[in-house]
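User: I would like to learn how to read charge pairs and helix packing in a model. Could you take me through them step by step?

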Amino acid sequence: AMMAEDIFFPGNELPLPNVSPFEKGDPEVADIDQRINILFLGLDRYLGEPDRTAARTDSVFVLTIDPYSKTAGVFSIPRDLLVEIPDGSGGYYTDRVNVVWETGEFVYDNYDGGGAGLIKDTIKHNFDIPIDNHVILDFEDFIDLIDEVGGIEVDVPEYVADYDYTDCNQCPGTVYEFSPGLQDMDGVTALAYARIRKGSNDFKRIERQQLVIQATAEKALSLNMFTSPGKAVDLYKKYKDAVETDMNDFLIPGLAKLAQQIGTENIRMVSIASATYPCPD
């Protein structure tokens, strides 16, 4: 098992307990005072499919926020990584991490917390990362969010293409090519860039997903979407019905304030790839 401190902030020795982010008092005005670990799950569901369709999690990453040092980390877990999964009766079995949410939600009978509970327990067991909150979104929400900020600019590191890409069932394929350099992307294009599998491996896909996440955060910050709690709450309300989360509404103003303080330059993005895959550079 890897320790969360080693993964997220090597050299950061702050002993931050994992407790409620708010001090006692009025949660609307309290400051976030503890690290928060938020699990994000992106469902691999074709566009137009019903919400309750069983789906694997195409992307799994943890956003961890250290409000003391005003830094944040994004830790991505490859979808095909084998992990030990609680079997519901005290034991464990091994399978890929991208089936965990679906198993807890649709296969087990009344697992505590459902799919989200099972993957939180799995991440705690395998990586020693306690998860405070989770956010589950599917790709239609992802498209809307990027279009809401007016598209993003991504610095594409290397050529990638899929000549038969599709994001819905029974749809004809579309050609997508991305050349190195700065590229403007709307929601649909950014989604294709993040999801392409042809001629690529899972670690490269994680890298592309992280580039898209970072570009979206940069655009939202540049539009001052987080400068006032009111703006952040308005944006959150717009998307609240489009995501499943256990995050309390009272957290949003504090998180927005913290996001503005942190800025994207203090977000460290890593994946477990460096520990499981030889990296030539």
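Analyst: What follows covers salt bridges and then a pair of packed helices. Keep in mind that this is a predicted model.

User: How many salt bridges are there?

Analyst: The general idea is that side chains of opposite charge can pair when their charged atoms come close. In this model the count comes to five salt bridges.

User: Which residue forms a salt bridge with R79, and how far apart are the closest N and O atoms?

Analyst: The partner of R79 is D80, with the closest N and O atoms 3.8 Å apart. That pair counts because the cut-off for a salt bridge is within 4 Å.

User: Are R79 and D80 buried, exposed or partly exposed?

Analyst: R79 has a relative accessibility of 12% and so counts as buried, since the cut-off for buried is under 20%. D80 is partly exposed, at a relative accessible area of 37%.

User: Which salt bridge does R96 form?

Analyst: R96 meets D80 in a salt bridge, at 2.8 Å from N to O. This pair links distant parts of the chain, 16 residues apart: R96 lies in strand β5 (residues 92–96), and D80 in the loop between β3 (71–77) and β4 (82–86). R96 is partly exposed, with a relative accessible area of 25%.

User: Where in the chain are K120 and D246, whose side chains meet in a salt bridge?

Analyst: The N to O distance for K120 and D246 is 2.6 Å. K120 is in helix α3 (residues 114–127), whereas D246 sits in the loop between β11 (244–245) and α8 (251–262), and the two are 126 residues apart. K120 counts as buried at 16% relative accessibility, while D246 is partly exposed at 35%.

User: Now the helices. At what angle do α5 and α6 pack?

Analyst: Two packed helices are described by the angle between their axes and the distance between the axes. Here α5 (residues 187–195) and α6 (residues 202–222) pack at about 150°, and their axes are 7 Å apart. The angle makes α5 roughly antiparallel to α6, because angles over 145 degrees count as roughly antiparallel.

User: Which residues in α5 and α6 meet?

Analyst: From α5, A190, Y193, A194 and R195 take part; from α6, R205, R208, Q209, L211 and V212. The residues of this contact divide into five nonpolar, one polar and three charged.

Technical notes. Residues are numbered from 1 along each chain as its sequence is written. This is a predicted model: local features need pLDDT of at least 70, side-chain atom pairs count only at pLDDT 80 or more; totals for chains, interfaces and linings use all residues. Side-chain values use heavy atoms; hydrogens and water are left out. Buried means under 20% relative accessible area, exposed over 50%, partly exposed in between (1.4 Å probe, protein chains only). Helices (H or I, at least four residues) and strands (E, at least two) are DSSP runs, numbered from the N terminus. Axes are lines fitted to C-alpha atoms, for helices over the stretch in contact, and angles run from 0 to 180 degrees between N-to-C directions. Angles under 35 degrees count as roughly parallel, over 145 as roughly antiparallel, 65 to 115 as roughly perpendicular and the rest as oblique. Contact means heavy atoms within 4.5 Å. Ala, Val, Leu, Ile, Met, Phe, Trp, Tyr, Cys and Pro count as nonpolar, Asp, Glu, Lys and Arg as charged, and the others, Gly among them, as polar.
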